[in-house]
Every structure is written in C-alpha cells, then in structure tokens.
Amino acid sequence: MKAIYLLLCMLFILFLSGCVDSSPLRSHVEVQINQAFKTRFGLIDHVIVKDLKKNETLTVLNPELFSNSLGSMKRVKIHLLNPDYSLNIKTSKESKEYSREQIKATLLYDSKKEIICTKNKKICYETSDSLRTFLIDNKMK
C-alpha cells in the first residue's frame, strides 16, 4: 500500500513538472510588450528598426529602453496605415535555447500619424510622448 502511495506521488510530481513553463521567468520587458501587443515572448533581446522607404536597417534598440518608453498609449482603430518603419522584435539565435515561446514579431510605425501597430494591424496605439521622444532620439522621425 505504501509503495502504491509513493508511486502515485511520484507520478503526480512528474505530471506537474511536465506542465511547467520551461522558459525563464519573464522580465518586465517581455511582460510589457506581451501585454501591449498580445505577443507571447519568453525572452526579447533585439528590437531592430528598419526604414521601409529606404529598405535599410537604421538601428538596433535596447529592448528594455524600448519597453520602458511605451508609457501609457491609447488604443485606436485604424483603417489606413502608411508605415515608415518596422520594429522587428526578436529572440536571438543564441537565446532561443532559453525560451520555447514566440521568437519574433513585427510592429509597424507611421511617424506622420504617430501610430504603432502589430503587423496585421489588429492592435494599434497612438504613441505616448515618451515613446515618440524615444523613437526620435533613435533616428526615427
């Protein structure tokens, strides 16, 4: 009887450990970006900015500074977006082993309307003052 109880306890522990998220605890960077844009990142270590008009990479942003700059954005519905820039949020190849979740997403930024959206344009925000300042300081007019 004792052996059966021990076996059931071991199976229960194995079941619980198999259901646990194996990726590391998310930092505030992943939490903020996941909540704002409905992504499922476990680890973000690159935000690559691309000028869509010139088809060239402008800069690589610090993910923590980017997420801190999001501030309080207002969600909006937009029908026509003419993005100047894409922000490619990524988990690097070297870091993929630490996260088994989403590893890339693209945001689009329209600098004239000051709107940032997911690539499918289902989630859009008017950018906050802090985000606009951050983007201008990082070569995005």
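This is a predicted model: local features need pLDDT of at least 70, side-chain atom pairs count only at pLDDT 80 or more; totals for chains, interfaces and linings use all residues.
Local features need pLDDT of at least 70 and side-chain atom pairs count only at pLDDT 80 or more, whereas totals for chains, interfaces and linings use all residues. Residues are numbered from 1 along each chain as its sequence is written, and side-chain values use heavy atoms, with hydrogens and water left out.

**View 1. The disulfide of Cys117 and Cys124.** A search of the whole structure finds one disulfide (a pair of cysteine sulfur atoms within 2.5 Å). The S to S distance between Cys117 and Cys124 is 2.1 Å, and the link is right-handed, with 115 degrees about the S-S bond. Cys124 is buried at 1%.

**View 2. The salt bridge of Asp84 and Lys53.** The structure holds three salt bridges (a side-chain nitrogen of Lys or Arg within 4 Å of a carboxyl oxygen of Asp or Glu). In this pair the closest N and O atoms are 3.9 Å apart. Asp84 is buried at 7% relative accessibility, whereas Lys53 is exposed at 54%.

**View 3. The network of Glu114, Asp129 and Arg132.** Arg132 forms salt bridges with Glu114, at 3.5 Å between the closest N and O atoms, and with Asp129, at 2.2 Å. Arg132 is buried at 19%, Glu114 is partly exposed at 32%, and Asp129 is exposed at 57%.

**View 4. The surroundings of Thr39.** Thr39 is buried at 14% relative accessibility. Leaving aside neighbours within four places in sequence, Thr39 is in contact (heavy atoms within 4.5 Å) with Ile33, Asn34, Gln102 and Ala105.

Definitions and conventions
Buried means under 20% relative accessible area, exposed over 50%, partly exposed in between (1.4 Å probe, protein chains only).
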